[in-house]
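Subject: Handing over the structure, with notes on what was found

Dear colleague,

I am passing this structure on to you, and the notes below go through what was found in it. Please read them with the structure open beside you.

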There are 2 protein chains.
Amino acid sequence: MIDKEHLHAFFYPETVAVIGASATPGKVGHTIVANMIGAGYKGKLYPVNPKASEIEGLPVVNDIAGLPPGLDLGVISVPRQFVLPSMEALAERGTKAAIIITAGFKEVGREGYELEREIIELCERTGMALLGPNCLGMINTAVGVNASFATGQPKPGSIAFFSQSGALCVAILDWALGENIGFSKFVSLGNKAVLDEADMLDYLNRDRDTSVILGYVENVEHGDAFLEAARRTCLNKPVIMIKSGTTAAGAKAASSHTGAIAGSDQTYTAAFHQSGVIRVGDVATLFNLAQAFSSQPLPKGPNLAVVTNSGGPGILTADTADRSSLTMAALSQRTIQRLQDFLPSYAAFYNPVDIIGDADATRYRKAVDVVADDPMVHAILVLLTPTATVQIEETAEALIHTARRSGKPVFACFMGKTRVAKARDMLMEAGIPCYAFPEAAVRSIEAMYKYYIWKHRPESEYAPVERDLEQAAKVIREHERRSQPEIVEFEAQQVLRAYHLPTPATTLARSSDEAVAAAEEIGYPVVLKIASPDISHKSDVGGVKVNLQDAGEVMAAFKDITARAQRMRREAYIAGCLVQEMAPAGVKEVIIGFKRDDQFGPMLMFGLGGIYVEIMKDIAFKLAPLSRRDAFEIVREIRSYMLLKGLKGEPPVNFAALEDIILTMSQLALDFPQVLEAEFNPVLVNNERAIVADVRMTLRLKDQ
Amino acid sequence: MIDKEHLHAFFYPETVAVIGASATPGKVGHTIVANMIGAGYKGKLYPVNPKASEIEGLPVVNDIAGLPPGLDLGVISVPRQFVLPSMEALAERGTKAAIIITAGFKEVGREGYELEREIIELCERTGMALLGPNCLGMINTAVGVNASFATGQPKPGSIAFFSQSGALCVAILDWALGENIGFSKFVSLGNKAVLDEADMLDYLNRDRDTSVILGYVENVEHGDAFLEAARRTCLNKPVIMIKSGTTAAGAKAASSHTGAIAGSDQTYTAAFHQSGVIRVGDVATLFNLAQAFSSQPLPKGPNLAVVTNSGGPGILTADTADRSSLTMAALSQRTIQRLQDFLPSYAAFYNPVDIIGDADATRYRKAVDVVADDPMVHAILVLLTPTATVQIEETAEALIHTARRSGKPVFACFMGKTRVAKARDMLMEAGIPCYAFPEAAVRSIEAMYKYYIWKHRPESEYAPVERDLEQAAKVIREHERRSQPEIVEFEAQQVLRAYHLPTPATTLARSSDEAVAAAEEIGYPVVLKIASPDISHKSDVGGVKVNLQDAGEVMAAFKDITARAQRMRREAYIAGCLVQEMAPAGVKEVIIGFKRDDQFGPMLMFGLGGIYVEIMKDIAFKLAPLSRRDAFEIVREIRSYMLLKGLKGEPPVNFAALEDIILTMSQLALDFPQVLEAEFNPVLVNNERAIVADVRMTLRLKDQ
């Protein structure tokens with residue numbers, strides 16, 4: 001965890017030194033100094049250069065040793081071999097934070113990696129906050145800090161942005177200048193030697209200048225820290241992120257780029273989803289959402305009302321809304337009557353409300369007012385086609401006025417470009433997101449509604465699962481001792497028992513009489529299996545007989561199985577037979593498993609057995625620990641959920657029993673970090689109960 | 001079919017009259033005259049107005065009767081009640097084409113609908129080509145015709161656009177002016193009383209000024225004409241369309257808008273796909289594709305090479321490419337060596353080729369030249385991040401030069417907005433599509449590659465299916481005579497036989513001896529079913545016995561079935577028993593069916609039986625007639641195709657046999673328009689053969 005005071009010094013420095021400052025325009029060391037001055041920095045700025053005497057009108061300090069002690073921020077842009085000495089000298093002076101602009105570290109191979117390690121250790125020793133290396137720098141518009149070599153100063157705003165890619169920072173900054181988008185903080189993370197996404201989230205969560213956080217990541221190294229920071233932050237303000245390098249080709253490109261190893265896309269999807277991070281696929285969407293979130297209240301429900309002066313765009317909007325989580329609001333009778341009071345008779349009074357091509361600003365305002373008054377309307381989208389008669393700017397004015405008093409989120413889509421340009425600027429300036437076409441508008445409103453739902457869902461419950469930890473640990477320790485990574489069969493069953501998991505009723509019978517007694521106890525039909533530590537493939541020796549219906553059949557089967565086994569495996573010790581209950585009628589097979597991700601820990605999976613998981617890839621994933629609601633959700637997220645719910649009058653399976661087993665699997669994954677993966681397969685479930693019929697676990701052995 | 005000469009007169013009029021011309025600026029009748037003049041129209045323009053004497057410097061004709069005979073185009077903008085008389089007067093003068101701007105026809109209800117019918121009949125009688133009513137008009141930039149009341153003149157270009165929504169025309173025109181996009185033809189279709197999408201496609205297909213056709217439709221009324229026109233056109237030039245009103249909410253909005261009834265989205269998807277139309281979901285994509293298609297050659301394969309000066313955008317591009325039909329090209333050893341010759345050692349030499357942030361225009365040019373030389377590269381995307389050192393305009397210059405000589409499609413993504421604005425204009429002007437972010441670029445290239453594949457696939461073969469038409473017709477006629485819409489059981493089997501479809505071997509046995517003889521002939525095991533025209537639910541009387549293994553079982557079953565039937569249904573005539581072969585081992589059940597769409601005719605469906613179709617909605621659709629390749633594709637388009645291919649060493653099913661049945665179903669659908677829907681369910685298929693085990697057909701009776 002980074003020292004809060006040092007992080008504050010990083011973002012709000014009162015003294016800044018630029019190590020490697022240059023008097024030559026075009027050089028990075030010059031751009032940084034010029035950017036600081038251009039941003040209107042009010043603190044003390046020290047250019048450091050061994051030779052120069054003045055840079056951009058500022059006196060130059062020739063040596064870090066000549067800087068005042070207790071400096072807030074040092075920005076380092078010197079050749080690689082001088083970076084570590086510079087860091088040491090800064091540390092010597094008690095500097096609180098640093099930015100290393102210089103590249104050539106972890107991303108270029110072994111030598112750079114070692115150098116970066118040394119810098120990290122220095123920071124760990126001294127508590128210095130460090131951004132980079134290999135980054136563009138940092139901008140804080142609130143206090144005129146532009147400690148970067150970016151071209152162009154962003155204007156102040158409430159959107160914060162951090163990015164693992166410096167190039168994306170450059171591109172987005174240029175784009176935002178053109179789109180008139182402002183930023184609170186703008187951070188290029190570079191190699192993330194010390195400060196990473198989790199630190200940014202934690203800081204920006206508390207930052208009063210920031211209302212929306214945007215991020216671009218190629219990989220997350222510390223999954224736990226990220227998840228915790230993201231969860232905390234998302235409860236407070238929206239976090240919208242792009243995760244790249246998610247495909248095979250992308251991951252290949254990423255690993256050559258920063259040496260980062262991207263985890264599986266499924267893991268990131270689960271991590272973002274569970275922590276409330278809104279994930280988008282492209283930069284345009286990132287900013288569409290940012291503008292919506294930063295300027296309008298969240299819709300408190302899914303009902304969208306559309307007011308339009310033309311039919312086609314209204315249809316496109318209804319189409320897009322219908323494909324989203326939103327609903328086209330059904331307007332109340334009263335609302336429709338109020339609309340009829342002033343709209344021409346050939347208008348369309350239900351939703352989309354088509355106020356016709358000759359609508360003036362007043363008609364727009366009245367229609368939006370009436371629609372916004374309808375208690376069943378949660379968000380309003382106003383479409384305007386620049387027909388010859390429409391009053392474009394006046395309508396924008398009217399909307400701005402109306403939106404303020406409605407208290408509901410209002411969005412605009414002024415179609416086109418040239419004739420609506422001025423109105424669009426007016427709307428954006430007034431905090432009404434305005435789009436050129438309806439699709440982007442609907443997608444933004446949907447994202448806000450989904451975030452509203454996420455933010456207001458009840459708190460997650462993580463109930464402890466009762467278990468006999470020592471009993472399970474014994475089995476696992478024993479396998480570790482024997483360097484045996486696979487836990488199967490009898491020993492795996494012991495782990496199930498330690499977790500009080502329901503398994504098929506099983507009794508060891510040493511004689512045919514005992515077998516019959518056990519079968520009567522369990523109830524017919526039963527299964528008999530040879531019980532011998534020396535016979536692993538039971539079927540090979542005819543060691544399994546299923547569907548035995550009565551005492552006679554059980555007795556015969558016992559004799560047959562044991563005799564045959566003795567004959568075929570003379571050396572084997574035969575303990576007798578296991579008498580096991582048969583799978584009940586109407587049973588379905590599901591698979592519950594987990595795999596441990598290097599970054600994010602255990603990821604649970606759930607799916608129907610057979611072709612559903614293997615062929616249809618119909619699997620749901622969640623990261624452990626799972627809450628009771630997570631378990632509820634994971635069984636309902638698969639496409640084949642309908643089969644569990646029951647078709648054609650069939651009763652539903654016992655979902656609670658399934659969810660219990662899923663929560664137990666989550667607990668098991670957390671209890672034993674040395675278990676790499678585990679699978680309950682199949683779990684048999686019908687409308688009465690669920691039992692774990694087979695299990696397999698794989699350990700990571702210490703010497704591996 | 002519209003007279004070609006009249007259609008030519010419509011688009012290239014040498015004489016134009018504006019009926020309802022006005023001297024008052026802001027009035028539609030004035031805007032049209034002003035637009036014609038503003039567009040630089042060189043032909044004869046006649047404003048028609050009963051009272052005025054001069055409009056915009058032109059002498060006014062007071063009456064249509066005063067116009068010269070044989071006029072090319074009349075544009076009508078008069079109150080609704082004067083529209084039909086105006087049309088009649090124009091027809092009287094032998095006018096070749098007309099545009100009705102006036103609204104208030106089909107879209108407003110019964111009265112308007114009747115009026116529109118009268119106008120249509122007039123056009124049918126006189127052969128006049130008619131656009132509208134209820135439209136914005138038409139623009140042909142090639143000859144300075146702007147017969148519309150749009151605001152703003154589009155510049156000439158090679159993109160044609162037609163739209164059912166006038167509002168979308170307005171919005172897109174305004175947007176295109178801002179984006180500097182030119183058009184060849186720009187048509188607002190309105191109510192499509194006479195000219196519709198099919199006419200546009202046919203005309204624009206032959207239009208030399210048009211290289212890409214864009215369309216927006218809410219519904220297609222004449223599916224056959226559309227399909228034919230689209231197929232022909234797409235073989236020649238790309239057609240990119242938006243179909244709206246595809247969801248329930250959208251369809252509801254559409255039907256209130258134009259009175260159009262949108263067909264099912266699946267039908268449109270199949271229609272567009274089979275005719276080669278590229279379907280997009282939003283306006284931004286429509287124009288992204290239009291720019292790509294109108295300026296670059298098609299990629300001749302899927303291999304994309306990326307040259308970039310930064311890592312992050314390269315990764316985003318690789319991600320997007322990996323999720324598309326494109327592949328990140330594997331560069332040849334020789335290409336990599338040639339890159340190593342001049343790139344810095346820390347560049348990335350495989351694809352994406354990262355030429356590093358300090359790349360100048362020369363390095364860009366060399367890298368693109370080398371990559372384009374690689375025979376395995378089919379398309380090149382050049383990414384530029386506006387770093388401090390990059391030469392933005394010079395790089396654009398270099399690209400323009402290189403792209404011309406490479407002969408391969410080259411695309412640019414100059415990230416950002418302000419600093420790259422000039423370069424982007426230069427690129428666009430030179431015909432290199434330039435995007436602000438990589439995702440849109442990749443999607444455009446993918447669409448071009450997919451179109452290349454579609455365009456170059458072998459011609460479709462529509463082989464006739466052998467059948468006994470008269471035999472099938474007899475069954476259908478008999479049902480029509482009896483007003484019995486459902487064809488099932490024995491009579492449905494007769495239809496199957498008429499189409500030579502494989503059915504389970506079945507013999508009618510009148511005695512138990514005959515039954516045994518039949519069983520020996522068919523081969524055990526067999527099924528016995530009661531044969532009686534008076535017993536429809538066979539199982540209810542215990543009339544079915546399956547899996548009979550030998551003569552004894554067959555004999556006993558025959559006696560049991562017939563005796564029981566006689567006892568339970570004393571009045572029934574018992575013909576004996578049907579002896580039928582059992583479904584062979586390893587058999588899979590599939591469903592082959594069709595439904596007749598009002599606009600597009602029979603739509604075939606294919607899917608696996610049981611939960612796959614019903615629960616997983618795993619169904620593929622194609623419109624009849626199906627070619628041999630369509631049949632090949634439809635069985636492979638379902639997600640559960642893997643099950644037919646065979647899991648775990650299982651042999652694949654006999655696909656050819658399945659495809660034959662599908663083609664026969666297609667033939668049946670074409671042969672009998674009165675069959676509304678039919679279903680072969682199940683069709684049993686294993687690796688040897690496929691048989692139709694059951695069938696059901698529904699007729700549209702004439703009096704319904």
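In chain A, residues 24 or more positions apart account for 71% of the contacts with a separation of 6 or more, where a contact means heavy atoms within 4.5 Å. Please keep in mind that this is a predicted model, in which local features need pLDDT of at least 70 and side-chain atom pairs count only at pLDDT 80 or more, while totals for chains, interfaces and linings use all residues. Residues are numbered from 1 along each chain as its sequence is written, chains are lettered from A and ligands numbered from 1 in the order in which they are written, and side-chain values use heavy atoms, with hydrogens and water left out.

Taken along the principal axes, the box that the C-alpha atoms of chain A fill is roughly 100 × 80 × 35 Å. Of its 704 residues, 59% count as buried; buried means under 20% relative accessible area, exposed means over 50%, and partly exposed is in between, with a 1.4 Å probe and protein chains only.

**Where the two chains meet**

The size of an interface is often given as the accessible area lost when the parts come together. Here chain A and chain B bury about 5,600 Å² between them, and 68% of that lies on carbon and sulfur atoms; the buried area is the accessible area (1.4 Å probe) that two parts lose on being put together, summed over both. A:Asp174, A:Ile315 and A:Phe437 supply 11% of the area that chain A buries against chain B, which is more than any other three residues. The contact involves 70 residues of chain A and 69 residues of chain B.

Ten residue pairs are in polar contact across this interface, both residues being at pLDDT 80 or more. A polar contact is a pair of N or O atoms within 3.5 Å, and within protein one must be able to donate a hydrogen and the other to accept it, while residues adjacent in sequence count only if both atoms are side-chain atoms. On the side of chain A that touches chain B, the elements that each supply at least two residues include α5 (166–179), α11 (311–323) and α16 (438–455). By class, that side has 34 nonpolar, 19 polar and 17 charged residues, where Ala, Val, Leu, Ile, Met, Phe, Trp, Tyr, Cys and Pro count as nonpolar, Asp, Glu, Lys and Arg as charged, and the others, Gly among them, as polar.

There are four salt bridges between chain A and chain B, a salt bridge being a side-chain nitrogen of Lys or Arg within 4 Å of a carboxyl oxygen of Asp or Glu. One of them joins B:Lys417 to A:Glu179, at 2.3 Å from N to O.

**Salt bridges within the chains**

Over all chains the count comes to 70 salt bridges. A:Arg405 pairs in this way with A:Asp369, their closest N and O atoms being 2.9 Å apart. Because A:Arg405 lies in helix α14 (residues 392–406) and A:Asp369 in helix α13 (residues 361–373) of chain A, the pair ties together parts that are 36 residues apart in sequence. A:Arg405 is exposed, at 52% relative accessible area, whereas A:Asp369 is buried, at 17%.

In chain B, a salt bridge links B:Glu633 and B:Lys622, with 3.1 Å between the closest N and O atoms. B:Glu633 lies in helix α22 (residues 628–636) and B:Lys622 in strand β28 (residues 619–623), so this pair ties together parts that are eleven residues apart in sequence. B:Lys622 is buried, with a relative accessible area of 1%.

B:Arg596 sits in strand β26 (residues 588–597) of chain B. The side chain of B:Arg596 does reach the backbone oxygen of B:Ala669 at 2.7 Å and that of B:Phe672 at 3.0 Å.

Notes: Helices (H or I, at least four residues) and strands (E, at least two) are DSSP runs, numbered from the N terminus.
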